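Reader: Can you put the model up and walk me through it?
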Amino acid sequence: MNAALEFDGIAKNYKGFTLDPATFELPSGYIMGLIGPNGAGKTTLIKLVLNLIRGNAGAIRVFGLDHLEHEKQIKVRIGYVPDEPKFYEDIALKNLKRATAPFYPRWDDARFNSLVDAFDLPLDRKFKKLSQGQKTKFALALALSQGAELLVLDEPTSGLDPVFRQELLKMLGELLQDEKTSVLFSTHLTADLERIADFITFIRDGRIVFSAPKDEVLDRFMLVKGGREVLDAASRGLFDGIRVHTHGFEGLTSRANEVRQRLGDRVAIERASLDDVMVLMERKVEHAA
Amino acid sequence: MLPKLLYREWILHRQVVMLMFAIFGAYQIYALLNMDSARAWIVFAALYSAFLTAALFIREDKFRATGWTCILPIKRIELVRARFIVSWAMVVAALGGATLLAVVLPGTKFPVSEIFNTSTLLIVAALTTLIFAWILPFSIRFGMVGIMVFLVGAQIGGVLLLLVGQRMNRASGGAGRPIRTALAAISDTLVSARDALSPTLFVIVVIVVLVATNWLAYRFAAFLFDRREL
């Protein structure tokens, strides 16, 4: 399977934050969800891909090419939507498009116009006059019209209303039917990813916790619910993360069989959602601290 | 790639450029009707237009849009190159327009021939080069903060220079004026170089020095911008 994007031990040190060497890959034609709490390092990883920041170690390859050595060839094939799109505020959308399109040889004007219609974007309006949702839609329209083979979306749905979020996810699903386009989709709205992602990469405190096919992740982790009385030192060791509340607890485990054997019908075991995985794994850190 | 970048700069800045040129034109009309020295007028116009140009690029910083620029399929050095070219084109256009005003405006106090002489043009080119060499690397790398640092730094540098000059003057018992002496030495060096070389060769040497200064400033700006994390 060819990789659209490969992180090979890429690391970055900031004052107060370290991205540990990250190694994982996104196969061509798939959607990867990059999840993790705020400040975990998702945006840092994305900025490294786009060469907006420089790594301190390791390498990134996009379509098999080194992202520093072949920067131009790579960027022409990447569409990017940042979490907070920033353009020249005093310029009308039609002119921002005119300032962008010539750089992309595969720019599709018809597609841009259809997206503008679908998103109901006022092309004559200045960027500063748009709502947050419209700004994101405009950034999406630009990114989706570039003929990109890799879409890098950094929290694109966070400023959008639920109806449009659904539409966007559907659109991304349709886009991937050509089996050429790959998507790296960073979000903390994990419900979005459960619908469309093929792979999940979970990052926490600058460290990649796992990077695996979504179904494997959802099969691996189970959510265990029970009363507080079943929790002792030994049973706590079975969980990857525990949330204890007044009437009981919720625990995330990758050892469901052992939990079943030891705790039996004193607990209920069900399939964990990505949200459970993210939230409860974070709890483990809190307990450890 | 350069034509695309120049076109992009035009699309993004044209309204501000028009406004700048309108204000610059109004000032030039006033200056042409009131100033007596052609050289002083054109030098002032060059200074004015050079600073206006540098102010263009802090717009990107103001809108925090540098990230958008840097995700385009371009190398950062290409962007810096385009910005140096735009800067020079702006100054040439501004001075061209000002000269045209000097020709057509009734009541101008000096003839155009006074502007179009080699030494005046070289002085204008040298001044513009110096301003760009100082200000463009910092405005491209640090945006608005760069301009502020440059202006504050220039003021502090000027004050320090004056203090050092005063101190040296006192130390020598008031016999010498070191800053004036240093400036006179530079001027004397240029005059002796001009006398030693043929006029044409002197002009060529000055142009080569100015081009080299611009090239170094451009490379320095690219070096700084390449290290900017966004």
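Reader: What is the average pLDDT of chain A?
Author: Chain A averages 88, and 97% of the residues score at least 70; pLDDT is the predictor's confidence in each residue, from 0 to 100.

Reader: Where in chain A is confidence lowest?
Author: In helix α11 (residues 274-288) of chain A, with a mean of 70, whereas α3(A) is highest at 96. Over residues 285-289 of chain A, pLDDT stays under 50, and the model has 2 contacts there beyond four places in sequence. A contact here means C-beta atoms, placed from the backbone, within 7 Å. Where pLDDT is low, the predicted coordinates should not be read in detail.

Reader: Changing topic. How many residues of chain A are in contact with chain B?
Author: 20 residues of chain A, against 19 residues of chain B. On the chain A side, α2 (71-75) and α3 (93-100) each supply at least two residues. Helices are DSSP runs of H or I with at least four residues, strands are runs of E with at least two, and both are numbered from the N terminus.

Reader: At what angle do α1 and α2 of chain B pack?
Author: About 160°, with the axes of α1 (residues 2-34) and α2 (residues 38-56) of chain B 11 Å apart. Axes are lines fitted to C-alpha atoms, for helices over the stretch in contact, and angles run from 0 to 180 degrees between N-to-C directions. α1(B) and α2(B) are therefore roughly antiparallel, the word for angles over 145 degrees.

Reader: Which residues meet there?
Author: Among them are B:F24 and B:Y27 in α1(B), and B:W41 and B:F44 in α2(B).

Reader: And the sheet in chain A, what is the strand order?
Author: β2-β1-β4-β5 of chain A, an open sheet with antiparallel pairing; strands pair if DSSP finds at least two bridges between them. β2 (17-27) and β5 (65-66) of chain A stand at the edges with a single partner strand each, so one side of each has no neighbour in the sheet.

Reader: How many bridges join β4 and β5 of chain A?
Author: 2 bridges, with β4 spanning residues 57-62 of chain A. A:L65 in β5(A) is the bridge partner of A:V62.

Definitions and conventions. Residues are numbered from 1 along each chain as its sequence is written. Chains are lettered from A and ligands numbered from 1 in the order in which they are written. This is a predicted model: local features need pLDDT of at least 70, side-chain atom pairs count only at pLDDT 80 or more; totals for chains, interfaces and linings use all residues. Angles under 35 degrees count as roughly parallel, over 145 as roughly antiparallel, 65 to 115 as roughly perpendicular and the rest as oblique.
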